[in-house]
Each structure stands twice: as C-alpha cells, then as structure tokens.
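Here is a short note to read beside the model. Keep the structure open and check each point as you go.

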Amino acid sequence: MASTTTIDSSASISVIEYRCTAQLHEQPFVECHDSYSVSYVCKGTFGYRARGRSYDLVTGSTLVGRTGDEYACTHEHGCGDECLSIRLGPELAGSIGALSGVWQSRGVAPLPELMVLGELAQAAIEERSDVGVDEAGLSFAARFVEVVTGKRQPAPNVSPRDRRRAVETALWLDEHAHEQIDLAAAARQANLSAFHFLRVFERVIGATPHQYLMRARLRRAARLLAADSRPITEVAFDAGFGDLSNFVRSFRRAAGLSPRRFRQAARGERKICQVRLAASK
C-alpha cells in the first residue's frame, strides 16, 4: 500500500513523493508506468520487476520508468520505503535524451552523481534550498541521462535571440514575483522548452529562474519592511511568499537576521541619520 503526495506539477514535469507501507512478503501486483520517470529511493528497500528482469533497490538507488511498461514491486527483504519520483512529459524526456535506449524501465545502482542531486531535490522540497523543486527534479533527470549514456550535455549555445529571451524573462519574473510562477510558466514566457530555458537562463543571468524569483521576492520584502509598518505576514504575502514560515526562514538565510530585526535595524539607521542631520544644522 502506498501514499502519494504531488509536490510540484505541470504539463512537462511533476515531482511526486511515494511512501510505501507494504509488509514483508506481501503479494505484489502488476502496475503500469504512465510516463517517463526517474525515481530516487530516499529510504528503505524493495524489489522491482520489469521487462523480464528483477532488481533489488536500496537507499540511493534510482528506478527508471518508461511509458506503457508493466512492472511489479516486491518486498522480500524489508518493508516500507520512500521514493521521490520525477515524471517527464514526452517532449521534455526527448529533449533531455533520446527516448529509445535511455528510457528503459529498470533499476540503477546507487551512484554518487545521482545521490547528491536526489538529496538536493529533498532539500528543495523541505525548503532548505533556494533551488526550485522542478529545477532540482529536472537536474536529476538530466544528470541521469549523462551518467547512463556517458555523454555530458554540451553547454547551451546561447544565441543573441536566446540571450534577449533570458533577460526579458528575468524582467518579467521581477515584475510578477508576487505571483506563483513555476519553471514551465517561465519557459513558456521565453518561448523555450523547460530544459533549454533552464540552462540558457542560468548561463545568461547567473542564477536559476527560481533562485532569481526568490531573490526578487526577498528584495521586495526588504523594501517593504524598511518602508512601512504593515504586519510581517502581510509583507510576506505581498512579496510573493506562500506562507510566513517559509518567508522568515528564507529571509533569515539571506539577511542573517529575522524580518523583525531587519525592520528594527532599518528604523534605527534612519533615526541615526536624522540625528546626524539635525546636529549639522
């Protein structure tokens, strides 16, 4: 028995948490992959049968799924496991790697190149990183293709047109930072595929789209904190943060102090300036 939680979802990429509570030696049943996917095993162990082969997956392993392939999960050595699944639409899967050969349902042994990005994705979900969940998922999938093919993705050839698109999208992100924007929406604004857009934007701007968006929100929040006396919760929502705890955590990580202390410091600096100005008259 498994529970699923959709962390992030768009037409091109979805990131889903799976928690399986199947008991030891529980009878497996046949399922079918409904998308191209790479899943990072965060915890536990389970067996995986697909395309006439069996695999034993442990913490740090990667499970690969191909649309239409049947599979079954077994629990012969342990019970309970947790996975982080990155599901890709056909167009995005094809833009990362050829659909034939790479996307074959199978298990992949724990590899350091994938484990570090799997943990980055976990950090993004837990809001311990300023990388977007969809960006971390896409990076994991792209790195998987590089590892299994032995070919690194070449650096994107940034044309003047793509450079302009990246800059214009950065300006658009800054203007709409108070809205909820994911990688797919930003890529549509640039009229590029999500994979190509992510790489071009980071190369031109020096930050991922989500990092830039978060920094734009923090900049707006700092300006609001210093300029008015509205409650900090209102400032957080006005700047584009979905909840207060995420805002406080992100602001403290960036500024080195809480929003409340930042506001106090800003007001104190203003008073000092006013006293100095009065003394000079």
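**Notes on strands and a helix**

1. Start with one pair. Alanine 50 stands opposite tyrosine 71 in E8. Strand E5 (residues 46-50) and strand E8 (residues 70-74) run antiparallel and are joined by 4 bridges. Two strands pair if DSSP finds at least two bridges between them. Strands (E, at least two residues) and helices (H or I, at least four) are DSSP runs, numbered from the N terminus.

2. A word on the source. This is a predicted model: local features need pLDDT of at least 70, side-chain atom pairs count only at pLDDT 80 or more, and totals for chains, interfaces and linings use all residues. Residues are numbered from 1 along each chain as its sequence is written, and side-chain values use heavy atoms, without hydrogens and water.

3. Now the sheet. It is open, with 4 strands in the order E3-E8-E5-E6, and its pairing is antiparallel. Strand E3 (30-32) and strand E6 (53-57) are the edges; each pairs on one side only.

4. Next, a hairpin. E1 and E2 form it, with 3 residues between them. Strand E1 (residues 2-9) pairs with strand E2 (residues 13-20) in the antiparallel sense over 7 bridges. Alanine 2 has cysteine 20 in E2 as its bridge partner.

5. Last, helix H3 (residues 133-149). Its 17 residues reach 25 Å from first C-alpha to last, close to the 24 Å expected (1.5 Å times one less than the number of residues). H3 is mostly covered, with 12 of its 17 residues buried (under 20% relative accessible area, 1.4 Å probe, protein chains only). Among them are Leu138, Phe140 and Phe144. Glycine 150 follows H3 and has a positive phi, near 75°.

Key: Buried means under 20% relative accessible area, exposed over 50%, partly exposed in between (1.4 Å probe, protein chains only).
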